[in-house]
Amino acid sequence: MCVESFHNVNIFDCDDTNGTLNPSTLWYQDSDSDGYGNATVFSLGCTQPTGYIMNNTDCNDASSTVHPGAVDIIGNGIDENCDGVDGYVGVIENTINTSM
């Protein structure tokens, strides 16, 4: 008697050991290799393409020194930490001159 073994294939799952991988997994391009990807350039799929990551929070994917959590140098005109302002988190960057 021949016994056949069948594996239950789920087309919506790429890897039974990793719940985050499926055919709709978004991979974001990380051109500067800083570990933060570009939300506007992405690929879908089970397999991570070279140069792509799951993180999409980079505000400047052309510079590896610009990403969330980076040290922001005040007054250089660059928002290194992606918080929307040039300076440190929580510091008011524009001051009002009250001597006028």
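The paragraphs that follow take up the chain as a whole, then the sheet, and then the disulfides.

The model is a predicted one. Its protein chain contains 0 helices and 3 strands, so that, read from the N terminus, the elements follow one another as β-β-β. Of the 100 residues in the chain, 23% count as buried, and the chain exposes about 7,300 Å², with carbon and sulfur atoms supplying 56% of that area. Among the contacts in the protein chain with a separation of 6 or more, 25% are accounted for by residues 24 or more positions apart.

The 3 strands come together in an open sheet whose order is β2-β1-β3, with antiparallel pairing. Because β2 (38-44) and β3 (52-53) each have a single partner strand, they stand at the edges of the sheet, and one side of each is left without a neighbour there. Strand β1, which covers residues 26-29, pairs with β3 in the antiparallel sense over 2 bridges: Tyr28 stands opposite Ile53, and Gln29 stands opposite Tyr52. The pairing of β1 with β2 is likewise antiparallel and runs over 4 bridges, and here Trp27 has Ser43 of β2 as its bridge partner.

Turning to the cysteines, the structure holds 2 disulfides, which, when the bonded cysteines are counted along the chain, follow the pattern 1-2, 3-4. One of them joins Cys14 to Cys46, with an S to S distance of 1.6 Å. This pair links distant parts of the chain, since Cys14 belongs to the segment before β1 and Cys46 to the loop between β2 and β3, 32 residues apart. The torsion about the S-S bond of Cys14 and Cys46 is about -55 degrees, and the disulfide is therefore left-handed. Cys14 counts as partly exposed at 29% relative accessibility, and Cys46 is also partly exposed, with a relative accessible area of 31%.

The disulfide between Cys59 and Cys82 has its sulfur atoms 2.0 Å apart. Both Cys59 and Cys82 lie in the segment after β3, so this pair ties together parts that are 23 residues apart in sequence. With a torsion of about -80 degrees about the S-S bond of Cys59 and Cys82, this disulfide is left-handed. Cys59 is partly exposed, with a relative accessible area of 44%, and Cys82 is partly exposed as well, at 23%.

Definitions and conventions: Residues are numbered from 1 along each chain as its sequence is written. This is a predicted model: local features need pLDDT of at least 70, side-chain atom pairs count only at pLDDT 80 or more; totals for chains, interfaces and linings use all residues. Side-chain values use heavy atoms; hydrogens and water are left out. Two strands pair if DSSP finds at least two bridges between them. Buried means under 20% relative accessible area, exposed over 50%, partly exposed in between (1.4 Å probe, protein chains only). Contact means heavy atoms within 4.5 Å. Accessible areas come from the Shrake-Rupley method with a 1.4 Å probe; for residues, only the protein chains shown count as cover. A disulfide is a pair of cysteine sulfur atoms within 2.5 Å.
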